[in-house]
Amino acid sequence: MNEKKFTKLGISEALEKGLNDMNIVVPTAIQQEVIPAILKGTDVIARSETGSGKTFAYLLPLFEKIDVALKKTQVIILTPTHELAAQVQKQIELLSKFSNMEIKSALIIGSASMTRQIEKLKQKPHIVVGSAGRILDLIQKRKISAHTVQTIVLDEGDRLLDELNINAVKAVIKTTLKQRQLVVLSATITAKTIEESKNIMKCDAVEIAIQNSIMPNSISHNYILSEKRQKFIILRKIIAGEKPTKAIVFLNNKENIAVIVDKLCYHGLKADGIYGTAYKTERQNALENFRQGNINILVSSDIGARGLDIEGVTHIINMDMPEDPTYYLHRAGRTGRQDIQGKVISIVTPYEKRWLQKYQKTWHITFEQKEMSFGKLSDSSAVKKQYQSKKQYPKKKIKTTKYNHNKQNKKNSKKNHYNNNEK
């Protein structure tokens with residue numbers, strides 16, 4: 001592997017040429033480890049930082065293993081969000097196009113029309129990508145042939161194997177044959193995720209962990225102290241001062257997204273939002289407009305933090321702080337990708353500030369306190385020194401008026417009279 005070529009990992013020249021046309025030349029660390037393991041048919045649990053190339057780490061060997069002549073579903077890729085599923089689908093289409101491999105895929109998610117999805121499935125796609133609930137429903141309706149599936153991928157496996165999703169995921173896995181291959185990947189693999197994975201995997205499953213810093217060094221972490229009612233004002237100041245090329249604003253409460261988007265647009269900013277209650281087409285349009293640069297501010301809940309790979313995101317702005325450090329990791333991971341510098345700015349109340357210590361301890365990162373001063377993001381300590389060096393509160397000058405002058409003369413006259421009597 002000294003030459004670091006994809007062909008050295010078992011990938012065909014056709015696929016490597018397609019990758020070169022997509023400006024992907026050198027395999028990443030996670031790809032060098034995962035590709036050979038998947039090609040062998042081994043069950044895999046893999047962890048690597050955000051933006052490290054996990055999607056192609058499993059797509060490339062799966063493309064090699066798929067029998068194009070067999071018009072049946074051979075791979076199922078499960079994702080925790082519709083946005084991530086759509087992104088994976090797009091990568092499959094690009095890889096198929098540039099490599100000239102006639103591999104068909106279908107996007108199967110809950111918010112879309114089932115009738116249209118059934119029509120797509122009649123074309124016998126080799127790969128099905130989507131949410132566990134809708135895919136399970138179509139398997140049960142016998143629209144997807146689960147017995148021909150050779151590999152199941154759990155993209156963002158820690159989320160798919162949590163309490164909310166694990167039952168649906170296990171149900172999909174049970175519909176396939178026992179000899180099928182299972183691949184679990186994520187930026188964060190907890191001990192619980194490993195335990196749940198091994199419960200449904202073959203005994204020879206391998207664990208792969210790339211020992212890079214989980215949080216890329218290309219990301220700076222900053223915070224601004226603010227009262228809750230002042231957060232939107234601070235947000236506007238950050239946008240005006242930083243002038244981000246592309247910024248994602250994160251909120252905890254998805255009901256507030258539309259409100260923030262409306263306020264930003266009212267002030268003449270180009271913004272849109274993605275959240276669970278929006279229609280599929282609205283969410284797709286918002287993401288596409290953000291990718292194309294038609295808008296430069298995307299407002300999202302944590303649904304947008306999982307696996308979204310959008311080029312050129314320069315800023316992440318947290319209006320609310322997640323209690324779970326994992327969510328902070330995935331939010332921050334939307335910027336600073338491919339060693340391009342990114343900036344995370346969190347607007348925190350004194351109460352929320354305590355979460356920063358938790359993030360620092362978990363991810364070994366350092367936060368710098370900032371303030372918006374004269375339209376620029378400046379170190380808080382530097383701003384304080386600047387103000388301390390100036391006379392912020394000059395002595396109040398007494399206005400010299402005729403009234404004040406006469407009043408002062410009377411005081412002086414009384415004082416002189418008193419002094420003369422004392423003498």
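**Notes on the predicted model**

1. Arg142 counts as exposed, at 76% relative accessibility, and the model in which this value was computed is a predicted one. The residue is found in the loop between H6 and E5, and although Arg142 is not a glycine, its phi is positive, at about 65°. Its place in the chain is just after H6.

2. Ile144 is found in that loop as well, between H6 and strand E5 (151-155), but Ile144 is buried, with a relative accessible area of 3%. Once its neighbours within four places in sequence are left aside, Ile144 is in contact with Thr73, Leu121, Val128, Ile135, Leu138 and Ile139. The C-alpha atoms of Ile144 and Lys72 are separated by 8.7 Å, while the two residues lie 72 residues apart along the chain.

3. How do helix H6 and helix H8 pack, and at what angle? Helix H6 (residues 132-140) and helix H8 (residues 166-174) have their axes 9 Å apart and pack at an angle of about 35°, and H6 passes H8 in a left-handed crossing. On the side of H6 the contact is made by Ala132, Gly133, Leu136 and Ile139, and on the side of H8 by Ala168, Val169, Ala171 and Val172. By class, this contact has 7 nonpolar residues and 1 polar residue, with no charged residues.

4. Asn100 is another residue that has a positive phi although it is not a glycine, in this case of about 60°. Its place is in the loop between helix H4 (82-99) and E3, where Asn100 is exposed, with a relative accessible area of 70%.

5. Helix H10 (residues 231-242) has 12 residues and reaches 16 Å from its first C-alpha to its last, which is close to the 16 Å expected at 1.5 Å a residue. The buried residues in H10 are Lys231, Phe232, Ile234, Leu235, Ile238, Ile239 and Glu242. Seen down the axis of H10, these buried residues fall within an arc of 160°, so they line one face of the helix. Lys243, which follows H10, has a positive phi, near 50°.

6. In helix H11 (residues 257-266), the buried residues include Ile257, Ile260, Val261 and Leu264. Viewed down the axis of H11, its buried residues fall within an arc of 100°, so they too line one face of the helix. Asp262 and Tyr266, on the other side of H11, are exposed. The buried residues of H11 pack against H10, as well as against strand E10 (271-274) and strand E11 (297-300). Just after H11, Gly268 takes a positive phi of about 85°.

7. For the chain as a whole, there are 16 helices and 15 strands, and of the 423 residues, 49% count as buried. Among contacts between residues at least 6 apart in sequence, 73% join residues at least 24 apart.

Note on methods: Residues are numbered from 1 along each chain as its sequence is written. This is a predicted model: local features need pLDDT of at least 70, side-chain atom pairs count only at pLDDT 80 or more; totals for chains, interfaces and linings use all residues. Side-chain values use heavy atoms; hydrogens and water are left out. Helices (H or I, at least four residues) and strands (E, at least two) are DSSP runs, numbered from the N terminus. The expected span of a helix is 1.5 Å times one less than its number of residues. Buried means under 20% relative accessible area, exposed over 50%, partly exposed in between (1.4 Å probe, protein chains only). The arc is that of the directions from the helix axis to the C-beta atoms. Axes are lines fitted to C-alpha atoms, for helices over the stretch in contact, and angles run from 0 to 180 degrees between N-to-C directions. A crossing is left-handed if the near helix is turned anticlockwise from the far one by less than a right angle, and right-handed if clockwise. Contact means heavy atoms within 4.5 Å. Ala, Val, Leu, Ile, Met, Phe, Trp, Tyr, Cys and Pro count as nonpolar, Asp, Glu, Lys and Arg as charged, and the others, Gly among them, as polar.
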